[in-house]
Amino acid sequence: MLPVVLVMSLCHAFGQTKSADAKMNAFVSGLMGKMTLDEKIGQLNLVTGGAPTTGSVVNKGIEQKIKGGDIGGMFGIWGADKVKAVQDIAVKNSRLHIPLIFGLDVIHGHETVFPIPLGISATWDMALVQESAKIAAKEATAEGLNWVFSPMVDIARDPRWGRISEGSGEDAWYGSQVARAIVKGYQGTSMKNADAVMACVKHFALYGGAEAGREYNTVDMSPIKMYQDYLPPYKAAVDAGAGSFMSSFNTINGVPATGNQWLLTDLLRKQWGFKGFVVSDYTAVNELTNHGLGDLQTVSAIALKAGLDMDMVGEGFLTTIKKSLKQGTVTQQEIDQACRRVLEAKYKLGLFDNPYKSTDPAREKADVLTDDNRKFSRRIAEHSFVLLKNQTQTLPLKKSGTIALIGPLADNHSEMLGTWVVAGNPNKSVSVREGIKNVVGSDVNILYARGSNITDDSLLNERSYFFGMKQGKDGRPAQEMIDEAVETAKKADVVVAVVGESANMSGESSSRSDINIPETQRDLLKALAKTGKPLVIVLFNGRPLTLPWEDAHASAILDVWAPGTEAGNAVADVLFGNYNPAGKITATFPRSVGQIPIYYNHKNTGRPFDGKGPAKFKSDYIDISNDPLYPFGYGLSYTTFNYSGVKLDKTMLKGNEALKATVTITNTGKYAGEEVVQLYIGQPVASISRSVKELKDFRKIMLKPGESKEVTFDITTKDLKFYNTKLVYDWEPGEFIVEIGTNSSDTHTASVRWNK
Ligand code: BGC
C-alpha cells in the first residue's frame with residue numbers, strides 16, 4: 001500500500017459523522033498517539049531550501065532530517081517538480097509519512113508580480129486587493145506551495161523604515177480592511193481548495209514601530225496606542241480566519257515578541273481567539289540570545305512556553321527542547337500543543353488527503369504568468385498610481401509630438417518589480433520605454449537619454465544591492481550624462497523623467513536616514529528643470545519620500561511605486577490618459593525627515609499651532625511647517641471634483657441610533673474619473689485625549705464629466721468606539737465632528753451631539 005493511501009486512510013478513519021473540528025481533533029490525536037517525542041519536535045522545525053536567506057544561517061542535511069522526521073515544513077523552494085520531489089521524501093521515507101508544509105514569501109504576486117503592497121493599498125479598492133491575493137494563491141499553488149508569508153499588516157508611521165513598502169501604511173482601520181481582503185483572497189472559501197493557500201500574518205507585532213525607523217529596532221509603546229493604532233489589522237486578520245501568524249523580530253516594551261507570552265498567548269489566543277499556529281521569523285528564536293534572554297536552550301524554551309509553535313531556520317527547538325523537557329523547563333503538554341497546531345494546519349490544508357495537491361506540472365504550465373494575470377497586474381498597477389501634482393494639466397500627455405524620456409529607471413527591467421520578489425522574473429517585466437512604445441507606437445517621437453545612475457553614493461549602492469544584484473551602472477561621468485539628457489530635453493515638447501528609488505532601497509534591512517530621491521538623480525532633475533520644458537516626474541519609491549523641491553519645480557509628479565510585471569504598460573496607460581489615476585496615498589509624505597513620525601491621526605497637544613497667529617510657545621518647529629507635503633488620503637485626478645457640504649439626517653442622537661452623513665460630489669473637469677470619498681470622525685472632548693480625527697469609512701465612485709453623485713455614510717456607535725485607559729473598547733457621549741472629503745486634510749465638516 002502506498003504511504004499516501006495510508007495517511008488518507010488514517011485521515012478517514014475517524015468520526016465521519018462528527019463536526020469538522022471534532023474530526024480533525026480525532027485525526028490529529030490518532031496521529032500524535034503514534035509519534036515519538038523526537039517526531040513531535042520535528043514538526044516544529046521549519047527549514048529553508050535556500051532562497052531567500054535573510055539571516056546568517058541556512059539549513060544543512062535536509063534530506064536526512066526529513067527522513068528522520070526532524071522537519072515539519074520547508075520554505076525557499078518552489079516549482080511543482082521540485083516540491084513534489086521533497087514531499088516524496090517525507091511521504092515515502094519518513095516513518096509516519098507526515099507531509100511537509102511548503103511556504104514562501106509571496107508578497108505582492110508570485111510569478112506575476114503586482115505593485116508593492118504600499119502601492120496596492122493606494123488603490124482603495126478591496127475587490128482588487130482581494131483578487132491580487134487570489135491570483136497569487138493560484139500561481140503559488142500551481143508551483144507546489146501551500147503557505148505564504150503574507151499579509152504584512154504592520155502599521156508604519158516612519159518612512160525611514162524600509163518595510164513600510166510591504167504594508168498598507170499608517171492607518172489601523174484602513175490596514176484592517178486590507179488585511180481582511182488579503183486573507184480572504186489567499187484562503188478562499190476553504191484552504192483545502194486546490195488554488196488556496198494558508199496566510200501567515202506578519203510580523204506579530206508592532207514591528208513598524210521600530211525606533212528611529214531603524215530595521216529590527218526596539219519598540220516601546222503605550223497600551224492605548226498599541227490597541228488603538230497598531231493592533232487592529234492583526235486582529236482583523238484573525239477574524240478573517242488567518243491560518244497562521246509570524247512573530248516579529250522586535251522587542252515590545254522590553255520583551256521580545258518571539259518570546260512574549262502576553263503577546264503570543266494572552267492577546268492572540270485568549271483575547272482574540274486565534275486557533276492557528278505561530279511561526280517565528282527567520283532565526284528570531286536564536287536572536288533572543290542577542291536580545292539578552294540567555295543561551296539557545298534557554299531562549300528556545302522561553303519561545304515555546306510563550307506560545308511559539310514553529311521555529312524558522314534556527315533549529316533551536318530541534319536541538320534543545322528535548323533536553324529542556326528532561327530538565328523540566330518545558331512540559332510535554334507545551335510540546336504536544338505546538339505539534340498539534342502544526343498538524344492541524346496541514347489537516348486544514350488537506351495535505352493528509354493529498355500531500356501532492358499543489359504539485360501538478362500541468363497546472364503549473366496553465367496557471368502561471370498567464371495573459372489574464374498580466375492583464376490584472378496592469379490594471380491593479382494603474383489603480384495604484386497616485387498623481388501628486390499636475391500643474392496646468394500637464395498630464396495626460398498628448399499622443400503626438402516629441403517626448404524626452406530620461407532617467408535611470410526609464411529603460412530598466414530589473415527595478416520594475418520592487419522589493420520582496422522571490423519568484424518573479426525581472427526579465428519578464430515591461431520597462432517604461434517599452435510600455436510607451438506599446439501604447440503610443442510611432443504616434444509620438446520618443447527621444448531617450450539615461451541621464452544618471454540610480455545612485456553614485458557608494459554606501460547606498462553597496463547596501464541596496466545584495467544577493468548578487470548589481471545596479472548596472474553607466475560608467476560615464478555624471479556631468480556627461482546630464483549634458484546628454486539636457487540636449488535631449490531641449491529637442492522635445494515635454495520631458496518625462498523616470499526616477500526614484502531602486503527596488504531594494506526599501507524593504508527589509510533598507511532603512512534610510514535621508515529619504516530624498518538619490519542625489520545623482522536630483523542633480524539630473526535640477527538640470528532638466530532649468531531647460532524650462534514641462535517636466536513630468538514618474539516616481540518609483542518604496543516609501544513616502546521628501547519631495548519639496550520636486551513639488552516646487554516639476555510640472556507633474558506621478559507616483560508609481562514599483563508597479564510589477566506590467567510596469568511600463570501601466571505607466572504609459574496613465575501618462576497618455578487611457579486610465580485616469582485615482583490612487584490615494586496611505587502614508588503621509590513629510591516635507592523633511594525631521595517631521596517624522598508624521599501621521600494624520602495625531603493628538604492635538606496642549607498648545608496646538610494651526611498655522612495662524614504667533615507661533616512662539618506653540619507645538620511647532622521654527623524652521624518648517626507642521627503640515628506634511630502630501631497628507632494621508634491625498635491623490636489627484638486628471639479631472640476635478642467638487643464636494644458639497646456635509647448633510648446630517650440628525651444633529652442630536654441617543655444610544656444605538658444611527659446617523660446618515662451625505663455629501664454630493666460633482667465631476668467638474670473634462671475627464672471621467674474615480675474619486676475616493678473619505679469619512680473621518682473626531683471627538684474633541686472625551687475621557688482621554690483622542691486623535692484629531694480617524695478614518696471610519698470610504699467609498700470609491702466613478703463620475704462622468706458633469707455628473708454628480710450623492711454618497712451617504714451610515715454611522716453607528718461602532719464608529720465612535722476607542723480604547724480608554726482601562727483598555728475597554730467603548731464610546732463616550734459628546735460632540736462628534738463628521739468630516740468628509742478628498743483627503744485627510746481637505747474635508748467638509750458637520751457636528752453632531754451623541755448622548756448615551
Ligand atoms: C522576514 C520575513 C520573511 C522571512 C522568510 C525574514 O527575514 O522578516 O518577512 O517572511 O524572512 O523569508
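Keep in mind as you look that the model is predicted.

Let's begin with the sheet. Eight strands make it up, paired in parallel and arranged in the order S9-S6-S5-S4-S3-S2-S1-S10, and the sheet is open. Which strands stand at the edges? They are S9 (277–279) and S10 (311–312), and each has a single partner strand, so one side of each is left without a neighbour in the sheet.

For a look at one pairing, find strand S2 (residues 73–75) and strand S3 (residues 101–104). These two are joined in the parallel sense by three bridges. You can trace one link yourself: Phe75 has Gly103 in S3 as its bridge partner.

Helix H10 lies across strand S5 (198–204) and strand S6 (244–247), and runs at about 160 degrees to S5.

H10 also meets another helix. Two packed helices are described by the angle between their axes and the distance between the axes. For H9 (residues 223–230) and H10 (residues 232–239), the axes come within 6 Å and cross at roughly 55 degrees. The two helices are therefore oblique to each other. On the H9 side, the contact is made by Met226, Tyr227, Gln228, Asp229 and Tyr230, while H10 brings Pro232, Pro233 and Tyr234.

Helix H17 (residues 432–440) packs against helix H22 (residues 567–575) at an angle of about 55 degrees, and their axes are 7 Å apart. H17 is therefore oblique to H22. Their crossing is right-handed. H17 makes the contact through Val432, Gly435, Ile436, Asn438 and Val439, and H22 through Gly568, Asn569, Val571, Ala572, Asp573 and Leu575. Here the residues divide into six nonpolar, four polar and one charged.

Let's finish with rings. How many aromatic pairs does the structure hold? There are 29 aromatic pairs, and one of them is formed by Tyr207 and Phe249. A pair of aromatic rings is described by the distance of the centres and the angle of the planes. Tyr207 and Phe249 are 6.2 Å apart, centre to centre, with 75 degrees between the planes, and the pair is edge-to-face. Where in the chain do Tyr207 and Phe249 sit? Tyr207 is in the loop between S5 and H9, and Phe249 is in the loop between S6 and strand S7 (251–252).

Definitions and conventions: Residues are numbered from 1 along each chain as its sequence is written. This is a predicted model: local features need pLDDT of at least 70, side-chain atom pairs count only at pLDDT 80 or more; totals for chains, interfaces and linings use all residues. Side-chain values use heavy atoms; hydrogens and water are left out. Axes are lines fitted to C-alpha atoms, for helices over the stretch in contact, and angles run from 0 to 180 degrees between N-to-C directions. Helices (H or I, at least four residues) and strands (E, at least two) are DSSP runs, numbered from the N terminus. Angles under 35 degrees count as roughly parallel, over 145 as roughly antiparallel, 65 to 115 as roughly perpendicular and the rest as oblique. Contact means heavy atoms within 4.5 Å. Two strands pair if DSSP finds at least two bridges between them. A crossing is left-handed if the near helix is turned anticlockwise from the far one by less than a right angle, and right-handed if clockwise. Ala, Val, Leu, Ile, Met, Phe, Trp, Tyr, Cys and Pro count as nonpolar, Asp, Glu, Lys and Arg as charged, and the others, Gly among them, as polar. Rings of Phe, Tyr and Trp (its six-membered ring) pair if their centres lie within 6.5 Å; planes under 30 degrees apart count as stacked, over 60 as edge-to-face and the rest as tilted.
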